[in-house]
Amino acid sequence: MYRIDLNSDMGESFGVYTLGQDGPLLDVVSSANIACGFHAGDPAVMRKTVQLAVERGVAVGAHPGLPDRQGFGRRNMAITPEEAYDMVVYQVGALYGFVRAAGGRMEHVKPHGALYNMAAKDPTLALAIAQAVYAVDPSLVLFGLSGGELVKAGRRVGLQTASEVFADRTYQGDGTLTPRRQPDALIRDADQAVAQVIRMVKEGKVRSQQGTDVEIRADTVCIHGDGPNAVEFARRIRQALAAAGIAVKAVGRV
């Protein structure tokens with residue numbers, strides 16, 4: 001039987017600014033990656049988002065990012081492994097407290113944006129992040145780009161890992177995501193996204209922008225929640241998975 005986790009980034013509102021459609025998305029996904037206050041989010045939003053996820057039985061994870069609100073954590077920063085370690089411990093620890101206060105259990109960690117993409121390529125940075133997650137709680141599942149250095153580092157330190165694929169992103173021949181600054185980075189056609197997801201789950205392959213097939217492992221699929229049609233998009237994906245005989249379940253609950 002085929003099985004996949006369906007995750008989305010959430011809790012990215014802060015102050016008077018509202019981003020995303022967290023409530024409706026929590027009815028569709030099996031895992032929520034909640035911002036921890038660096039690239040987005042704030043204490044009040046963290047608390048409310050955690051509470052909603054716990055009430056609906058969705059797996060809660062921390063979504064630590066770079067300290068860059070203006071760039072939404074999507075701009076690379078020159079940080080040392082020690083700085084990465086401290087940032088991750090700080091953010092995961094903050095959300096961990098809110099999860100405990102809500103009577104829930106944190107289940108995973110998924111770095112955000114540039115931190116995620118940097119760690120996919122840099123083994124030293126990836127190891128620092130993995131060590132930070134392990135130090136906070138070795139039972140946490142570490143999400144990382146399928147085939148990337150973060151997944152390898154997580155396994156090296158003894159964490160359970162989840163290889164992540166993307167419904168709405170295109171891929172390069174080396175298995176990395178097409179950079180967002182390029183016009184063909186995002187998949188906006190729902191049918192194309194559905195076909196890509198089902199092929200990644202069932203065949204373990206994705207077609208790159210260069211026209212080659214890339215071997216890929218799909219443990220969890222990310223659906224971005226900040227687009228105007230995010231909820232409809234997520235529902236289409238979930239319905240298509242069910243029609244294809246693919247069960248949706250959080251990674252740590254399999």
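**Stop one: the core**

Select Leu-6, Leu-95 and Ile-237: they have the most contacts inside the largest nonpolar core, which has 75 residues. Such a core is a set of buried Ala, Val, Leu, Ile, Met, Phe, Trp, Tyr and Cys residues joined through side-chain atoms within 4.5 Å. Buried means under 20% relative accessible area, exposed over 50%, and partly exposed in between (1.4 Å probe, protein chains only).

Before moving on: this is a predicted model, where local features need pLDDT of at least 70 and side-chain atom pairs count only at pLDDT 80 or more, while totals for chains, interfaces and linings use all residues. Residues are numbered from 1 along each chain as its sequence is written, and side-chain values use heavy atoms, with hydrogens and water left out.

**Stop two: Pro-64**

Now click Pro-64; is it buried or exposed? Pro-64 is buried, with a relative accessible area of 0%. Its contacts (heavy atoms within 4.5 Å) beyond four places in sequence include Cys-36, Val-109 and His-112.

**Stop three: ring pairs**

The whole structure holds 3 aromatic pairs. Rings of Phe, Tyr and Trp (its six-membered ring) pair if their centres lie within 6.5 Å; planes under 30 degrees apart are stacked, over 60 edge-to-face, and the rest tilted. Show Phe-38 and Tyr-90: with centres 5.6 Å apart and planes at 45°, this pair is tilted. Tyr-90 is exposed, at 56% relative accessible area. Next, Tyr-116 and Phe-166 form an edge-to-face pair, with centres 5.9 Å apart and planes at 85°. Tyr-116 is buried at 3% relative accessibility, and Phe-166 is buried at 3%.
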